[in-house]
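Here are my notes for you on this one. Have a look at the picture first, then read the points with it open.

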Amino acid sequence: MSARRPYVRSMAGWWRRDPFFVRYMAREATAVLVVAYAVIQLVGLVRLGQGQAAWEGWLQALRHPLSVALHLVLLAVFLYHTWSWFRIMPKTMPMILPDGKRLSPTLITGTGLAAAAVLCIALIVASMKVAS
Amino acid sequence: MKRSNAPIFWSMFGAGGMLSALFGPALVFITGIAVPMAILVPPDLMSYAHAHAFAQHWFGKACLFAFVSLFLWHGVHRIFHSLHDIGLHTGILAKLCCYGGALAGTLVAGWALLSIGF
């Protein structure tokens, strides 16, 4: 066994060293809550298939203060996901060169955020207009 | 040369990420806040009759299936690729758990929607 003990720099907390990495980790962490929301909705789908009593039990669970608190957190995280998704879109989308020039990153991000705002508002307005 | 399966996972990650970025905040607000707290939206927006009719309609079915399954594929792909960043250098087992979980969720969603009927 070798007596050499080379210094290996610890990787613990590497992402806290730079705000860029903090934003990267925050963006990646949204995935956990996207999965959580999908699982809540998946349970709802299963309950819907089991009939009216099961569905109303699921709705009742959503009315619990802890559920509402969780959804407020989910809302904040989804808004951050939307923002970060379109922030990195200039790097993740295939490069297109209209008029031989790259699109400006601000234009790509702005278009995405505007589309999300329009669609979200449209969805909420549409749900307000569903006949009782 | 063996073809990579990465583009399939990547495209489902991208589709789920795009759908959740475009509609996610409104969906969370409607289903998790507005309906349970009875603010802004009609009180029976997600009543059994409404939800069942929506899930029976082909368009509602397609939306529900796409949203639930693609959100899952989006999330597990990101989680799988972040494991390395938090110091978990896992291999095939983590991949099976992540993508297997999304596949299981997709199958359950499909089965639930089929059991609701047309």
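The points below go through the salt bridges and then the helix packing.

1. Before you start: this is a predicted model, where local features need pLDDT of at least 70 and side-chain atom pairs count only at pLDDT 80 or more, while totals for chains, interfaces and linings use all residues. Residues are numbered from 1 along each chain as its sequence is written, chains are lettered from A and ligands numbered from 1 in the order in which they are written, and side-chain values use heavy atoms, leaving out hydrogens and water.

2. How many salt bridges does the structure hold over all chains? There are 2, a salt bridge being a side-chain nitrogen of Lys or Arg within 4 Å of a carboxyl oxygen of Asp or Glu. As background, side chains of opposite charge can pair when their charged atoms come close.

3. One of them pairs A:Arg27 with A:Glu28, with 3.7 Å between the closest N and O atoms. In the other, B:Arg78 meets A:Glu28 at 3.5 Å, N to O. B:Arg78 sits in helix α3 (residues 58–82) of chain B and A:Glu28 in helix α1 (residues 19–49) of chain A, so this pair joins two chains. Helices here are DSSP runs (H or I, at least four residues), numbered from the N terminus.

4. Now the packing in chain B. α3(B) and helix α4 (residues 92–116) pack at an angle of about 170°, with axes 9 Å apart. Axes are lines fitted to C-alpha atoms, for helices over the stretch in contact, and angles run from 0 to 180 degrees between N-to-C directions. The two helices are therefore roughly antiparallel, a label for angles over 145 degrees.

5. Contact (heavy atoms within 4.5 Å) between these two involves, among others, B:Leu64, B:Phe65 and B:Val68 of α3(B) and B:Tyr99, B:Ala102 and B:Leu103 of α4(B). By class, this contact has 15 nonpolar, 6 polar and 2 charged residues. Ala, Val, Leu, Ile, Met, Phe, Trp, Tyr, Cys and Pro count as nonpolar, Asp, Glu, Lys and Arg as charged, and the others, Gly among them, as polar.

6. Helix α1 (residues 6–37) of chain B also meets α3(B): their axes come within 7 Å and cross at roughly 115°. The residues in contact include B:Phe13, B:Gly16 and B:Phe23 of α1(B) and B:Phe67, B:His74 and B:Arg78 of α3(B). By class there are 13 nonpolar, 5 polar and 1 charged residues here.

Definitions and conventions: Parallel < 35°, antiparallel > 145°, perpendicular 65-115°, else oblique.
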